[in-house]
Number of protein chains: 2
Amino acid sequence: VKRSGSVADDWASSPILTTALAARGGRRVALEEAIRDAIRSGRLQPSDPLPSSRSLAADLGLARGTVAEAYAQLTAEGYLTARPGAPTRVAAGAAPAEPAIADRTPAERPAFTLEVGVPDVAAFPRAAWIAAMRRALRTAPSPLLALGDPRGSAALREALATHLRRTRGVVTDPARIVVTCGFSHGLAMLCRTLRATGLDEIAMEDPCLHQHRTIAAGASLRVRALPVDEDGASASPPAGTRVAIVTPAHQFPLGMTLAPARRNALIAWAAAHDALIVEDDYDGEYRYDHQPVGALQGLDPERVVYAGTVSKTLAPALRLGWLVLPQRLVEPALEAKDLLAGEVSTIEQLTMAELLQSGAYDRHVRRTRLRYRRRRDLLIELLAAQTPPLTPRGIAAGLHVVAELPADTDEDLLMARAADNDLALNTLTPYWHDPTGKRPSLILGYAAPPDHAFAQTLALLARVLYSPQTRLGRSVSTR
Amino acid sequence: VKRSGSVADDWASSPILTTALAARGGRRVALEEAIRDAIRSGRLQPSDPLPSSRSLAADLGLARGTVAEAYAQLTAEGYLTARPGAPTRVAAGAAPAEPAIADRTPAERPAFTLEVGVPDVAAFPRAAWIAAMRRALRTAPSPLLALGDPRGSAALREALATHLRRTRGVVTDPARIVVTCGFSHGLAMLCRTLRATGLDEIAMEDPCLHQHRTIAAGASLRVRALPVDEDGASASPPAGTRVAIVTPAHQFPLGMTLAPARRNALIAWAAAHDALIVEDDYDGEYRYDHQPVGALQGLDPERVVYAGTVSKTLAPALRLGWLVLPQRLVEPALEAKDLLAGEVSTIEQLTMAELLQSGAYDRHVRRTRLRYRRRRDLLIELLAAQTPPLTPRGIAAGLHVVAELPADTDEDLLMARAADNDLALNTLTPYWHDPTGKRPSLILGYAAPPDHAFAQTLALLARVLYSPQTRLGRSVSTR
């Protein structure tokens, strides 16, 4: 057998090469892969000569044309260089690849959870979602699968307008709705829009969700604290600030509903300062003791942006939300949306429209509302049975309550105890703009566990709370 | 009937109120809506007194408790104010809503299209997509429906790693893949990441997709032109520039494949300048005359970002793409992704993973490749039959060709003629960084029409090209 280069031996006998050739139907493709691998792994170095196509073909029992085609392909891809009359060589630019990096090891998650911000995803209506998607895809005209209205699917915006008018008292028509990948996406859009108009600061409730502060700061807005008391957010944002993000239906995370007088005072503030209010209605569908309080937006649709999502009602993984915008902000928000370049799949939007129109969404919300109310009652009972009793705040609505702990509780010890008990818990600490001197508190997301695990999760909470270090009294079993 | 305020007459006889009451099951809810509407429409003004609950109940034939509850709800929502011993009044902050804005009238779109950038969405594999989603949702553990890995679903990243290695010669493992809402989203992420490292300019091919220049500029990067000749993009970006976005498989929009020597020269440039290349592989799956040219990224995975999407293979409306990143850029890109706040539905990601793993994706690409190749051949035939013949460029791959027109062609007249013939067409003009002095050219997206309309679309193109103004010779029918 004729050899034309020092690497040829290596080649014809390489187990990698023969494995590759055996494993695949296309011998030329397999040869190409083997050569690429040899270059990447460093077995073939830049400027190394390759065997002639004739000799390699003979070695491997391939047609010469097959080898020649493989060389031509790899030359086109930049792995090899060919000059007339000279052997084909490994190209100078074809450096070996860096070693592969391992997938980040997912952190070991506790088996039980009372994490805030997550609904019971085990209750996600899979069958209804599939049925809605099938109906949506059966009737959608093909042009809808190309790029459409930058605000989002017209069918979804129409269904949302009707739904939000009926269930949340939102004043809207489909034209002022912009579909988002969730509240954070809408917030990023608004921050960019406002920054472009020259605003440079934004008031956010203290406490609030810390990721929202990060997004505002990332859009070069200075975040000012909007204090929260028993009546909800203050109606007097810091002087000079002309945007306030609030959670009127159920303050996040403390849980009170914005008092009627505050609602009007906030609207008056916006009118007096030509300011904008962003209403984050993150769990407004869940109200247990009476009818949900209608959206603040209804009081002044030209000064309040209404924002909602399906993250609490269906699943956070859907990444689907909406903004209802004052007319003057629709076009600027769409410009910001273009630059952020996030968009929701039209198929998913049409599915959601179908879910709303068919009534399946309402049914799901009603069903989960009953379930969450039951869980809330059990949790409150457990907290009241502690010594001293823990009085939860924000119990009338939403998917979590806040439990203030005795002032000398060591939160770190408590969290360590939760970890020991395989229970995911949140404290209030990260939500404060400045946590210094705040009373230790737990924020208990009772929606997160699947239904079958709820009783056991509460039992674990009781065990965590019963700790000499935290001076929280005796443990109480819920069953 | 007793009246307690001047508005009471208006009320009990208002057709809006009675319509509302008649239309709905819940009378209290209906009453609330009617009162909100009256306030928003200005029929009730701030500080107007409302009838006592007793008298309004009598007027409307409702229980007094129903009216009292409605008043309480509207007081909680800030529409009304109540003080003991005084009539309930419209709250001062409850201003009337602005008039509704009409939905933006969708521009009348031509019935036929040769637009660039859109595949044949009528060929979208709806049944396969539904089946894949059903399979994905049947087996997905519920925790996947909460928020997961910020890079995207592990199942999708694994399926993509295998697919990209096999079909595009990409060197990757799942850990360096980040799922995006399409190429623009990935580009926005990269621009933000690079800007954060202090880079302030970026080289983009001239011509290139103008929206990409807008996104880079929106991330405060100065866009420099990277000239394109017959061998594709120049391998010498402007001095000082350390990022270049290129389309090696099929230059967008001109259509040539990056020449082997250029591929190596670009990699050498990146190595010499510690620079980054972004490979926009927007239609690399579609190669007609021989095997697709493998990804540039394979030559140097630590200096080339590989970017792909399903926008050309499945549908742009899915908003689903991916970046394959050098190891050092994974975490910075995820930080940028957090701030852009766009994310793809996990259900959609799992569906795509299933489509890849089942082979349905490959089958769809093969089927459409045959279809597009047939269309391309018909289009080239038609162009060659013009007087003078039009020689298309970039025919070996992708979903469009570029046809240079005689130098004195009036593009505006040609486009007007296309509009008259109900045909959507694109010229090359918007793609140049500076269109001054460029030769008039059409960019013909032959993938866009549905199959049944393709012959007629070509006939319309022939009619548009046959125009004394554009001096493009006689019309040729394709049938």
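At the start of helix H12 of chain B, a side-chain oxygen of Ser345(B) comes to within 3.1 Å of the backbone nitrogen of Ile347(B), a polar contact in the sense of a pair of N or O atoms within 3.5 Å, where within protein one atom must be able to donate a hydrogen and the other to accept it, and where residues adjacent in sequence count only if both atoms are side-chain atoms. The model is predicted, and local features need pLDDT of at least 70 while side-chain atom pairs count only at pLDDT 80 or more, although totals for chains, interfaces and linings use all residues. Residues are numbered from 1 along each chain as its sequence is written, chains are lettered from A and ligands numbered from 1 in the order in which they are written, and side-chain values use heavy atoms, with hydrogens and water left out.

Helices (H or I, at least four residues) and strands (E, at least two) are DSSP runs, numbered from the N terminus. Helix H12 of chain B covers residues 346-357, and its 12 residues reach 16 Å from the first C-alpha to the last, close to the 16 Å expected at 1.5 Å a residue, the expected span being 1.5 Å times one less than the number of residues. Of these 12 residues, 11 are buried, where buried means under 20% relative accessible area, exposed over 50%, and partly exposed in between (1.4 Å probe, protein chains only). Among the buried residues are Ile347(B), Leu350(B), Met352(B) and Leu355(B), together with Glu348(B) and Glu354(B). The cover over the buried residues of H12(B) includes helices H6 (126-139) and H12 (346-357) of chain A, and from chain B helix H6 (126-139), helix H7 (154-168), strand S4 (177-180) and helix H13 (360-384), a contact being heavy atoms within 4.5 Å. Just after H12(B), Gly359(B) takes a positive phi of about 90°.

Chain A as a whole has 15 helices and 16 strands, and 59% of its 479 residues count as buried. Among its contacts between residues at least 6 apart in sequence, 73% join residues at least 24 apart.

Eight strands of chain A make an open sheet with mixed pairing, in the order S4-S11-S10-S9-S8-S5-S6-S7, and two strands are taken to pair if DSSP finds at least two bridges between them. The edge strands are S4 (177-180) and S7 (232-233) of chain A, each of which pairs on one side only. Strand S5 (residues 201-206) of chain A is mostly covered, with six of its six residues buried. S5(A) runs parallel to strand S6 (residues 222-229) of chain A, to which six bridges join it, and Ile202(A) stands opposite Val223(A) in S6(A). In turn, S8(A) (residues 243-246) and S9(A) (residues 276-280) run parallel and share four bridges.

In chain B, strand S9 (residues 276-280) has five of its five residues buried. Leu276(B), Val278(B) and Asp280(B) point one way from S9(B), and Ile277(B) and Glu279(B) the other way. Strand S8 (residues 243-246) of chain B pairs with S9(B) in the parallel sense over four bridges, and the chain crosses from S8(B) to S9(B) through helix H10 (residues 260-273) of chain B in a right-handed β-α-β crossover. Four bridges also join S9(B) to strand S10 (residues 304-309) of chain B, which runs parallel to it, and Val278(B) has Val305(B) as its bridge partner there.

Most residues other than glycine have a negative phi, and most peptide bonds are trans. A cis peptide bond, with omega about 10°, joins Asp206(A) and Pro207(A), the latter lying in the loop between S5 and H9 of chain A. The bond from Phe252(B) to Pro253(B) is likewise cis, with omega near 5°, and Pro253(B) lies in the loop between S8 and H10 of chain B. Asp274(B), in the loop between H10 and S9 of chain B, has a positive phi of about 50° although it is not a glycine.

Key. Right-handed = clockwise from strand over helix to strand, strands pointing away.
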